[in-house]
Amino acid sequence: MMPEKRPLPLPDAQQVLIDAVIPVGTEMINSVAALGRVLAEDIFTPHPFPDTRRSAVDGFAVNQPGLSHYQIVETLGAGELPQLDLTAGQAAAVMTGATVPEGGVAVIRVEDTGVTDNLLELKADVAVGENINRIGEEMAAETRILSAGTRLTPVQHSVLCCSGIAQVKVYRLPVVGILITGDEVLQVGQPHRVGSVYDSNRHFLSGCLAQLGVPYKVLGPVNDDADTIRQSLEQLAKECDLVISSGGVSMGKYDFIRPLLHSNGFEVLVNRTGIKPGRPLIVAQRDATLFFGMPGYPAAFLVNFFYYLLPTVKRLMGVDDVMPKVRPAVLATPLKGRKGRWDVIRVQLDNYSGPETVHKLASQMTSHYLNFGSCDGLVLLGDEIDQRQAGESVELLEFSAQF
Ligand SMILES: Nc1nc2c(c(=O)[nH]1)N[C@H]1C(S)=C(S)[C@@H](COP(=O)(O)OP(=O)(O)OC[C@H]3O[C@@H](n4cnc5c(N)ncnc54)[C@H](O)[C@@H]3O)O[C@H]1N2
Ligand code: MOO
């Protein structure tokens, strides 16, 4: 048997993926349909915001402050354009957001006035410029408001819509194929079979892809049979930019994915990494299709997803900032890793005020998965750092911050 090569250090494996993966392409779409998509162009204001002088209150635009009475010559709602310019002693009733007529130098609030017929009486002082939003005050024309590589969340999507731009260049969504392998893997709904497992990897992955808005198709669970697995992978490769398999990547008799991805025509990019759990990951490329051979253990699958697969999917989507999002947290329990590998520790956030504190969940075993039910995120220990003390600050990868 060939001696096993040293697994790739985690940062090197991440870099290999960043370098090898490119976005799948771009398309022009209707801005309304662009929610969740990634911009492939910078977005600039098409005109100044606001494009006319606007009243910030319901009130009266006056020609010159300091008089006690004004003649009301016009009433303007938001969106209506003034027909008259205001001259000395004249006022216009303006609603919030309405365009202030030429000659109007200030707007006084309704509450500070009295009106008899068309005669306006001022009951408070008003200064020049008061309650008027100037042209371009918010943004000048041709100002960048959104950058290429930004994923349009509801907030950013509404900013795009606010610009009024109707068509937008976005990255095409990658199509993902999922292959679940394993004779022992049952689908939810099938009767329990002693010695088997229910498929959680499919549901974890499809749930994550759904959150990203990425379309996917699933095959399996398929039996651990070399021909079946090869045919299933080929079928998915025809239609998908990225094919992800679950299981069958270690050294067992039924582990067929690894030899397949080492066969002719595939270029292996990553062949095992120094992460724990999740070491046996294999990533290969053929033509324009990427193949991720993910370990079947759900804990190993999940960890590989957050550190390698999610950055890859984001990169295919055209996202600018693809690396896992981390923030500082204080340890309530000490952590111990092993030198020479990147240990990933499942943690739970402690619910009390003050700096965010996390504690390690009791089990960190690769074969255990159910405690992810109370797990908020992961802490990565470096290959040089063996031990962290309670009270030390660590970088927390919180699940909810990754999508
Ligand atoms: N001799 C060696 N044995 C193992 C090695 C090794 O280097 N030499 N590596 C170990 C490591 S590390 C891991 S991680 C696992 C990975 O194994 P596989 O990817 O081949 O996964 P399977 O054997 O197919 O399954 C492992 C485990 O996970 C369960 N499983 C599989 N698919 C699913 C699913 N969709 N949903 C839920 N659970 C699933 C499966 O029933 C097994 O219990 O290998 C070690 N062994
Ligand atoms: O890398 Mo495996 O996930 O240690 O058990």
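1. In this predicted model, a backbone N or O atom of tyrosine 297 lies 3.3 Å from an oxygen atom of ligand 1.

2. In serine 250, an N or O atom of the side chain is 2.8 Å from an oxygen atom of ligand 1. Ser250 and Gly296 are both listed with the residues that come nearest to ligand 1, together with Glu184, Asp199 and Val249. These five belong to a shell of 22 residues around ligand 1.

3. Which residues surround ligand 2? They are Lys276, Pro277, Gly278, Arg279, Pro280, Ala300 and Thr366. Sorted by class, this shell holds three nonpolar, two polar and two charged residues. The space that ligand 2 takes is the largest pocket.

4. The side chain of lysine 276 places an N or O atom 2.5 Å from an oxygen atom of ligand 2. For threonine 366, the corresponding side-chain distance to an oxygen atom of ligand 2 is 3.1 Å. Arginine 279, by contrast, is represented by a backbone N or O atom, 2.7 Å from an oxygen atom of ligand 2.

5. Domain 1 is made of residues 10-25 and 173-317, and domain 2 of residues 27-47 and 141-171. Domain 3 covers residues 54-133, and domain 4 covers residues 327-401. Taken over C-alpha atoms, the centres of domain 1 and domain 3 are separated by 66 Å.

6. The unreviewed UniProt entry carries the annotation "domain: MoaB/Mog" for residues 177-315. In the model, this span is 35% helix and 28% strand, and its end C-alpha atoms lie 17 Å apart.

7. The unreviewed UniProt entry also lists residues 290-310 as "transmembrane region". What helix and strand content does the model give for residues 290-310? The span is 62% helix and 24% strand, with its end C-alpha atoms 13 Å apart.

Conventions. Residues numbered from 1 in each chain as written. Chains lettered and ligands numbered in written order. Predicted model: local features only at pLDDT ≥ 70, side-chain atom pairs only at ≥ 80, totals over all residues. Heavy atoms only, no water. Domains from an automatic or database assignment. Near = heavy atom within 4 Å. Polar contact = N/O pair within 3.5 Å; in protein donor to acceptor, adjacent residues only side chain to side chain. 1 Å grid on protein atoms, 1.4 Å probe; cavity = no way out; pocket = protein on both sides within 12 Å on 5 of 7 lines; lining within 4 Å. Sits in = over half its atoms within 2 Å of the grid points. Nonpolar A, V, L, I, M, F, W, Y, C, P; charged D, E, K, R; others polar. UniProt positions renumbered as here; feature names shortened; annotations may be inferred. Helix = DSSP H or I, 4+ residues; strand = E, 2+ residues; numbered from the N terminus.
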